[in-house]
Amino acid sequence: MRITQGAFSFLPDLTDTQIKRQIQYCLDSGWAVNVEFTDDPHPRNTFWEMWDLPMFEVRDAAGVMIEINKCRKVRGDTHYIRLNAFDNGHGCESVRLSFIVGRPNSEPGYALTRQEGPGRTIVYTTRAYAADKPEGNRYRD
Amino acid sequence: MSLPPNFSCHRSERRRRAISETTRTADSHANCAVHAVNDLKAEFAATGLGAVLEDLDRDLVGLAPVKQRIREIATLLLVNKVRKRLGLEGDTPTLHMSFTGNAGTGKTTVALRMAEILNRLGYIRKGHIVSVTRDDLVGQYIGHTAPKTKEILKKAMGGVLFIDEAYYLHRAENERDYGQEAIEILLQVMESQRDDLVVILAGYDDKMDAFFRSNPGFRSRVAHHIDFPDYSDGELLEIAERMMARQNYVLAPDAREALADYIVLRRRQPLFANARSVRNALDRARLRHSTRVFEGSCGGVSAADLSTLRGPDILASRVFQERQQALGGS
Ligand SMILES: Nc1ncnc2c1ncn2[C@@H]1O[C@H](COP(=O)(O)OP(=O)(O)OP(=O)(O)O)[C@@H](O)[C@H]1O
Ligand SMILES: [Mg+2]
């Protein structure tokens, strides 16, 4: 099951050229971009790990692509990778744009668990098949 | 809140482009009977490059061969750009350069201009310049160099990486020197990311020669070797006058004469650094000038007093005193 998250999630995966143009837009807007990765695909997982430091001094998207490609080399195929752009402008001070730039080779998806509650209510919850394995060992076959 | 480019209104954008296209073809049909649709002169004007090259001519004294080369490179890039539009595609020309010449001959100054020129022609996307020396690229211990060099390269993407005194990267006497690692990363990026950044190496003539000899990889990746000649005495005097004018000072006639003598004498001394020596001499003259004005003032000083350098301000220099001693001693 293809997981969607962040901006452009309704589109097919962006090509590198498209990613580069988005990044350039972020840099030109003065936002600090950084790369993050995780292998916990749950939508409520907000704790992605940071790849290197935010790139405050990079002016051109080609510089950011170097880091993305390095991260893909080390973490790709087994992790989700996303790019965040942080706007430190007064009144915003938060992430302005965030989108996925890399995903594992195969995504097994989620199991739906039903729990019977009092008064015949049913509580639904999802659990990623990948999360059955310990962190760092997921998405490997 | 502005939106990412994907969200821009596609339809109106396309229409605007279509309109400008039709007017452009209509114009060119009206103006030229022949099928010459690509007016190079108009193309040149559109880049705004004329103004940049004129500024270069005006701001920098002398350097005729350098200016000539820059014009040639600019023309090449312009022609290449038009060719590309016509589908006559060749490889992106290699734009890595090396600037050789003695201290203070304007290498750094020209590199800054070069970044602007390349940006105007669309060969680098941002037009900034990241200026580094060995210390910024080479680390202190094993495993330190590669991240350091890559960090700098990341910052320089889309612009110019200016490596001053590049020959320090290579230490012939120590074959395990970490500089070699930085050199290898640079060589690789200079080849594989030619579209993303331009590298300019700078340094003194003889040392750069030796550097290129021991690193043939660099020599073959650098397309333009530009030599910066020493300035003549007259040129240095003119540079001095421009520097002063820019800072709202004037040279009195006797100061001008003294400065001309100073340049002749200073050139014979060790560590002569062309325009930089002149700038330093002028900085010291300003120091003496302010002391003189301060101590000599009783009551008001005029704006003219505050901005005129006189002969004594320059003649008090160490260079003249040494000559005096030499003359007295003989
Ligand atoms: N042709 C020129 N006209 C006016 N000013 C000049 C000219 N050439 C150099 N200068 C001035 O001289 C000073 C030194 O120039 P610059 O730093 O470019 O020299 P450099 O060749 O890089 O020297 P180094 O090799 O020692 O780094 C600068 O302040 C610059 O503005
Ligand atoms: Mg310099």
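These entries record what I looked up in a predicted model, first between chains, then around a ligand, then within chains.

**Ground rules.** I note that residues are numbered from 1 along each chain as its sequence is written, and that chains are lettered from A and ligands numbered from 1 in the order in which they are written. In this predicted model local features need pLDDT of at least 70 and side-chain atom pairs count only at pLDDT 80 or more, while totals for chains, interfaces and linings use all residues, and side-chain values use heavy atoms, with hydrogens and water left out.

**Chain B against chain A.** I looked up the contacts (heavy atoms within 4.5 Å) and found 17 residues of chain B touching 21 residues of chain A. The two chains bury about 1,600 Å² between them, with 56% of it on carbon and sulfur atoms; buried area here is the accessible area (1.4 Å probe) lost on putting two parts together, summed over both. I then looked up salt bridges, meaning a side-chain nitrogen of Lys or Arg within 4 Å of a carboxyl oxygen of Asp or Glu, and the count between chain B and chain A is four. One of them joins Lys126(B) to Asp28(A), with the closest N and O atoms 2.7 Å apart.

**Ligand 1.** I find 19 residues around ligand 1, and the closest are Lys107(B), Thr108(B), Thr109(B), Tyr231(B) and Arg279(B); a residue qualifies if one of its heavy atoms lies within 4 Å. I also looked at backbone atoms: a nitrogen atom of ligand 1 is 2.8 Å from a polar backbone atom of Val61(B), and an oxygen atom of ligand 1 is 2.9 Å from one of Gly104(B). For Gly106(B), a backbone N or O atom lies 3.1 Å from an oxygen atom of the ligand. Taken alone, ligand 1 exposes 640 Å², of which the protein buries 88%, by the Shrake-Rupley method with a 1.4 Å probe.

**Salt bridges within chains.** In chain A, Glu107(A) pairs with Arg103(A) at 3.0 Å between the closest N and O atoms. Glu107(A) is buried, at 15% relative accessible area, and Arg103(A) is buried too, at 16%, where buried means under 20% (1.4 Å probe, protein chains only). In chain B, the side chains of Asp57(B) and Arg71(B) meet in a salt bridge at 3.2 Å, N to O.

Note on methods
Polar contact = N/O pair within 3.5 Å; in protein donor to acceptor, adjacent residues only side chain to side chain. Buried < 20%, exposed > 50% of the residue type's maximum accessible area, 1.4 Å probe, protein only.
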